[in-house]
Amino acid sequence: MKSKDINKFIFINPSPNLYKISRFVKSFGKEVDYIYTRDFLNLNSEKIFYMTPRDFRKFDLTMLEKNYDDKGIYSYKKNFFRNKYVKKCVEELEHNDSYMSCANYVDFQIINRQRIMEYFTNTESTNFIDYTSLIGGISENDYCYIAAWLPDYIKNRSLSKFFLFAFETDIDLEKCFGSDFFVVFFGGCRFEIAAWNDRLYILSNRNENVLEKLRNKFTFMNKFKFKKVLEKTITKNCNPWFVKGEKRNLIIVNDYSFFNLSVKLPEDWYTGAGRYLCTEMQL
């Protein structure tokens with residue numbers, strides 16, 4: 001089946017970028033709907049801080065968007081040369097800062113474009129469902145489901161495996177982290193850190209001793225108690241091409257986002273992504 005034959009597209013846990021793609025899908029005459037799982041992190045950050053032992057950068061809503069000419073983001077379909085190009089871009093980050101050896105193409109985009117989109121709280125759906133229930137029903141219909149990350153592990157060379165943790169703590173999260181979002185690199189590790197709903201959330205590329213590594217790096221954390229209340233595996237697409245999931249009508253895209261925060265991209269990227277979903281995908 002080709003995507004042009006599908007009339008309804010359902011977006012799972014849409015970020016600002018994914019939501020904007022859905023608007024273009026709708027403009028092509030397709031029916032659009034939204035589903036949120038209980039894993040959805042509705043972060044309302046306005047700043048992203050990138051930290052390594054040798055560098056510190058801030059990106060926010062007020063920064064002027066750089067006119068960065070990178071055609072790699074338009075690689076909606078994978079091939080050998082596009083794969084080589086993306087690897088070269090990521091290697092460039094490590095060349096400029098050796099601590100970013102585990103960076104990805106999303107990091108490359110935010111560092112070079114330097115602007116995030118305004119967050120939103122989507123009110124089009126208030127129903128939160130279990131992920132297992134969602135996946136179980138996907139193969140039973142002819143809809144197309146679009147996601148940028150899944151609260152489960154899908155074995156695919158084009159997808160990346162991360163580990164999501166949540167901690168209850170006696171740290172004053174509002175005073176310490178506020179609503180800011182942090183991406184931290186050191187010791188071959190990459191951490192995304194944010195406070196939400198009175199919990200500290202950490203997304204890591206490794207699952208061994210995550211809290212201990214952060215405590216060793218940020219010694220002030222040793223003064224406080226932490227209780228782990230969540231640990232799960234996350235699958236994300238960090239490459240520009242669209243990837244089919246385990247179900248034939250589940251598509252995993254790179255939305256260049258940090259949950260509910262998105263890198264601001266050129267307008268024709270959103271149009272191109274919407275057109276590719278509606279007309280060129282082979283399911």
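A charge sits over a ring if NZ of Lys or CZ of Arg is within 6 Å of the ring centre and within 35 degrees of the ring normal. In this predicted model, the charged end of Lys161 meets that description, lying over the ring of Tyr153 at 4.4 Å from its centre. Lys8 is likewise placed over the face of Tyr143, 4.8 Å from the ring centre.

Of the 6 residues of β9 (residues 181-186), 6 are buried, so the strand is largely enclosed by the rest of the structure. In a regular strand the side chains alternate between the two faces of the sheet. Here, Phe181, Val183 and Phe185 are buried on one side of β9, while Phe182, Val184 and Phe186 are buried on the other. Strand β3 (residues 47-52) runs parallel to β9 and is joined to it by 4 bridges, with Phe49 standing opposite Phe182. Strand β10 (residues 189-196) runs antiparallel to β9, through 5 bridges, and there Ile193 is the bridge partner of Phe182. The hairpin of β9 and β10 has 2 residues between the strands, and Gly187 takes a positive phi near 55° in this hairpin.

In one of them, the ring centres of Trp196 and Tyr201 are 6.0 Å apart and the planes are at 50°, so the pair is tilted. Tyr201 counts as buried, at 9% relative accessibility. Phe181 and Phe185 also belong to one aromatic cluster that includes Tyr50, Phe59 and Phe258.

By contrast, Lys155, in the loop between β7 (149-150) and β8 (160-169), is exposed, with a relative accessible area of 73%.

Conventions: Residues numbered from 1 in each chain as written. Predicted model: local features only at pLDDT ≥ 70, side-chain atom pairs only at ≥ 80, totals over all residues. Heavy atoms only, no water. Buried < 20%, exposed > 50% of the residue type's maximum accessible area, 1.4 Å probe, protein only. Phe/Tyr/Trp six-rings, centres within 6.5 Å; stacked < 30°, edge-to-face > 60°. Pairing = 2+ DSSP bridges.
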